[in-house]
Amino acid sequence: MNAVDLAPSYDLVVIGGGPAGLAAASLAARAGVTTVLFDENPGVGGQIYRGITSTPVINRSILGEDYWAGEALANEAKASGALIVNGATVWSLDPERIVGVSIAGKARMIEARRVIIATGSQERPFPIPGWTLPGVMTAGAAQTVLKAQGLLPDGRTVMAGTGPLMWLLAAQILRAGGRLEAILDTTPRRNLLRAAPHLPDFMLSPYFAKGLALLREVKAKVPVRRVASVAAAGDGKLSEVVSDRGRMPADLLLLHQGVVPNVNLALAAGATHEWNERQLCFQPVLDQDFSSSVPGIAVAGDGAGIAGGTAAAERGRLAAIAAVRALRPEARLPDPQSVRQRLQREEMGRAFLDWLNRPADSFRQPEGETLVCRCEEVTAAQVRATADMGCEGPNQMKAFLRCGMGPCQGRLCGLTVTELIATQRKSTPAAVGYYRLRPPVKPITLAELASLPISEAERKAVER
Amino acid sequence: MFKRLADAGAVVALTVDGKPVQARSCDTVAAALLAAGIDRCRTTPVTGAPRLPYCLMGVCFDCLVTIDGVGSRQACLVPVHEGMTVETQQGRREAGR
């Protein structure tokens, strides 16, 4: 598939090929809507089902049945008639639903009558001293290469953080024959107090039994220590992990403290976002069909607020049902009420997980020389001092320090900068706001821009 | 840092900074670099600090390398192909030059 082979317009453009995008594209295509799904990875599956059509890890017990459940979604999407394009980077989406996409070095602007953003989540920034050292990665990164390439951590490996993904990855590494020196659990003990009222709900959710089994499986094989601080140390690469419980030599440190919505594309499209105090992140304001504040643009999956992979698929279906209703009212559709009920079941117990695994302030709001912005190498002390000087928000902070202006476009510093400003100025993240994001939300080359077709009117407009 | 657990497909020959590296057909450039045990894929423009991939899912941009002559590509998103040339990106920017 090449960009030049794309039609100039589609009824529905779905952005992202994880569970939400796959489910949405399948449902819409089956209902007779011309659907294209763009995904920037080499294969579909998103993060949770990464490499689902190509993983070399064929022993199913290693990645587990919850991973392999993605196979049905991928097959369904393939058979649905939706055009699925991998290696397609969407770098622009405007309120008129013009989608800027690059495939193999060529760009096109595609018109969409409806858009479903299903760009999912990313791991929450984990700004500790030394987190930029080679040898320090996210747990998600290690899981990505385990799923897609069958790469297993080798050498002295330490995990640090909180949240279900950390325990799942630990179990997967152990099942694959890998070894972990230790898990440094950063979950604050007092979180249990706020989580406890939600325990009855959580006990009814499928995650309860699975979670307990996972904890037992990992704790039987790996020493787990509660820590209040974590730092990575080394000269040019990681050599030691330092915590309040001591120092340990390490070759690989895997960090994780939950996931947050990937907001860049939805924000650049102009969708209104709000602060979620329980999940400590910004998320789009959506109605019950996951429609955003921009007409014709919906946000489904974890990009709509974190609820997990199976909930993401149901959200994708609901967004697709709404899109099909608008585009092709005569189409036969599944009953949205039954989808809503399934979604409700999947979301049960989320409040318990959110409160239990809420990262401590000290792991979200660093101090001193710890880097906040990895791209432009801006420290916590600089951000705090600039806020004290009177800088009121992240956009002004860019002008002072360039934080958020590197290639990652704030993805790895945005939440930290917002929270640091809020703390220093005794304000709130909701009041401080987030970076103003504009297209291109992914870097593209001039050659890609130059490959856009030029109409006669456009040519005449610049000719003298 | 990583070892291969499973057979990730046919061998694909790349060069990284002019040296031959054997990747597998399932690899992205970033996975191939990690499997080959390289110690950095770039140095930062501000302080010249070494970096390796951090997120491997397209958000951190620490895996930026030059691929087949095009600079600052996200190594974690690009699949390898036979004969691909990869160069690590070195050096601080020299503002004003």
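In chain A, Arg60(A) lies over the face of Trp68(A), at 4.2 Å from the ring centre, where a charge is taken to sit over a ring if NZ of Lys or CZ of Arg is within 6 Å of the ring centre and within 35 degrees of the ring normal. Arg374(A) is placed over the face of Tyr54(B), at 3.9 Å from the ring centre. The model is a predicted one, in which local features need pLDDT of at least 70 and side-chain atom pairs count only at pLDDT 80 or more, while totals for chains, interfaces and linings use all residues. Residues are numbered from 1 along each chain as its sequence is written, chains are lettered from A and ligands numbered from 1 in the order in which they are written, and side-chain values use heavy atoms, with hydrogens and water left out.

Over all chains, the structure holds 8 aromatic pairs, a pair being rings of Phe, Tyr and Trp (its six-membered ring) whose centres lie within 6.5 Å, with planes under 30 degrees apart counted as stacked, over 60 as edge-to-face and the rest as tilted. The rings of Phe126(A) and Phe363(A) have centres 5.7 Å apart and planes at 80°, so this pair is edge-to-face. The pair links distant parts of the chain, 237 residues apart, with Phe126(A) in the loop between strands E7 (121-123) and E8 (136-138) and Phe363(A) in helix H14 (residues 361-364); helices (H or I, at least four residues) and strands (E, at least two) are DSSP runs, numbered from the N terminus. Phe126(A) is buried, with a relative accessible area of 1%, and Phe363(A) is buried at 4%, where buried means under 20% relative accessible area, exposed over 50% and partly exposed in between (1.4 Å probe, protein chains only). Phe202(A) and Phe352(A) form a stacked pair, 4.6 Å centre to centre with 20° between the planes; this pair joins helix H8 (residues 199-204) to helix H13 (residues 350-356) of chain A, 150 residues apart, and both residues are buried. Ring pairs also link Trp275(A), Phe282(A), Tyr434(A) and Tyr435(A) into a cluster.

In helix H17 (residues 414-424) of chain A, 9 of the 11 residues are buried, so the helix is largely enclosed by the rest of the structure. Among the buried residues of H17(A) are Gly414(A), Leu415(A), Glu419(A) and Ala422(A). The helix is followed by Lys426(A), whose phi is positive, near 50°.
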